[in-house]
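Subject: Structure handover and notes

Dear colleague,

I am passing on the structure we spoke about, together with my notes on it. Please have the sequence and the model open side by side while you read.

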Amino acid sequence: IRRDWFWNTKNADTLKSLDKLMDIYYRTVGHGAVLLLNLTPDTTGRIPETDARRAAEFGAEIKRCFGQSVAETSGTGDTVELDLKQSTPIDHVVSMEDITQGERVRAYSIEGFSNGAWKTLCQGSAIGHKKIDRFDAVSVEKIRLRVHQSAAPPQIRKLAVYDVGTIRAVR
C-alpha cells in the first residue's frame with residue numbers, strides 16, 4: 001500500500017491513491033493473480049490509521065464495483081451466452097474458469113448484441129481464475145463469451161456483467 005515493504009517515518013507520502021490501488025487490482029486480480037497489499041504495522045504494532053482508512057476505502061470501492069452483478073451465468077463449450085432480456089448498460093465483464101478442470105481458454109472475445117447485431121467489445125488470451133475486462137459503456141440485450149482457442153472444452157463457472165460507471169485508465 002506504500003512504496004516500501006516495511007513501515008518507516010520517511011514513507012508517509014507514498015501511500016497509494018485509491019485510483020492507483022484500483023489500477024493494481026485490475027492488473028492483478030483482474031488477470032487471475034493474487035494481490036498482496038503489504039499493510040505493515042508501525043512501531044506500536046498497529047496499522048497506521050491512514051493506511052487502514054485507505055484499505056477500507058479500497059475494499060469499499062471493490063464492493064461498489066463488483067459486489068453485485070447486473071446478471072451472470074455459467075456454461076461449457078466454446079460459446080456461453082447471457083440474455084439480459086432488455087437493453088442494459090454495461091462496462092465490465094468478469095469471466096472465471098472452473099480451474100479445478102485446468103485453465104483451458106487460450107483466446108476469447110466478449111461480444112454484445114444490440115440493434116440486431118453482435119459487436120466485439122473486447123478480446124483476450126486467457127481467463128483462468130478470474131479475468132476482468134473493461135470497456136467503454138455500451139447498452140446491450142445479450143452478451144456472449146466466444147472461445148476461439150482452448151486446450152480442452154472450456155468450463156466457464158462465471159460470466160457476469162457489471163455497470164461500474166467508471167473506467168480507470170491502465171497505468
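The notes below go from the whole chain to the sheet, and then to a helix and a few single residues.

Please keep in mind that this is a predicted model, in which local features need pLDDT of at least 70 and side-chain atom pairs count only at pLDDT 80 or more, while totals for chains, interfaces and linings use all residues. Residues are numbered from 1 along each chain as its sequence is written, and side-chain values use heavy atoms, with hydrogens and water left out.

The chain as a whole

The chain holds two helices and six strands, where helices (H or I, at least four residues) and strands (E, at least two) are DSSP runs numbered from the N terminus. In sequence order these elements give the pattern α-α-β-β-β-β-β-β. The C-alpha trace spans about 60 × 35 × 25 Å along its principal axes, and 41% of the 171 residues count as buried; here buried means under 20% relative accessible area, exposed means over 50%, and partly exposed lies in between (1.4 Å probe, protein chains only). Taking a contact as heavy atoms within 4.5 Å, 75% of the contacts with a separation of 6 or more are between residues 24 or more positions apart. The accessible surface is about 9300 Å², and 48% of that area belongs to carbon and sulfur atoms; the areas come from the Shrake-Rupley method with a 1.4 Å probe, and for residues only the protein chains shown count as cover.

The sheet

The six strands form an open sheet in the order β1-β6-β2-β5-β3-β4, with antiparallel pairing, and two strands are said to pair if DSSP finds at least two bridges between them. At the edges are β1 (71–76) and β4 (117–124), each of which pairs on one side only. One of the pairings joins β2 (residues 79–97) to β6 (residues 155–162) in the antiparallel sense over six bridges, and within it E97 has I156 in β6 as its bridge partner.

In helix α1 (18–27), the residues L21, M22, D23, I24, Y25 and Y26 are buried, and their cover includes α2, β2 and β5 (131–150). R27 also belongs to α1, but R27 counts as partly exposed because its relative accessibility is 38%. Between the C-alpha atoms of R27 and I99 there are 19 Å in space, for a distance of 72 residues in sequence.

Two residues of the loop between α1 and α2 may be worth a look. L35 lies in this loop and is partly exposed, because its relative accessible area is 24%. Leaving out residues up to four places away in sequence, L35 touches I24, Y25, T28, V29 and F58; the C-alpha atoms of L35 and Y25, which are ten residues apart along the chain, are separated by 6.9 Å.
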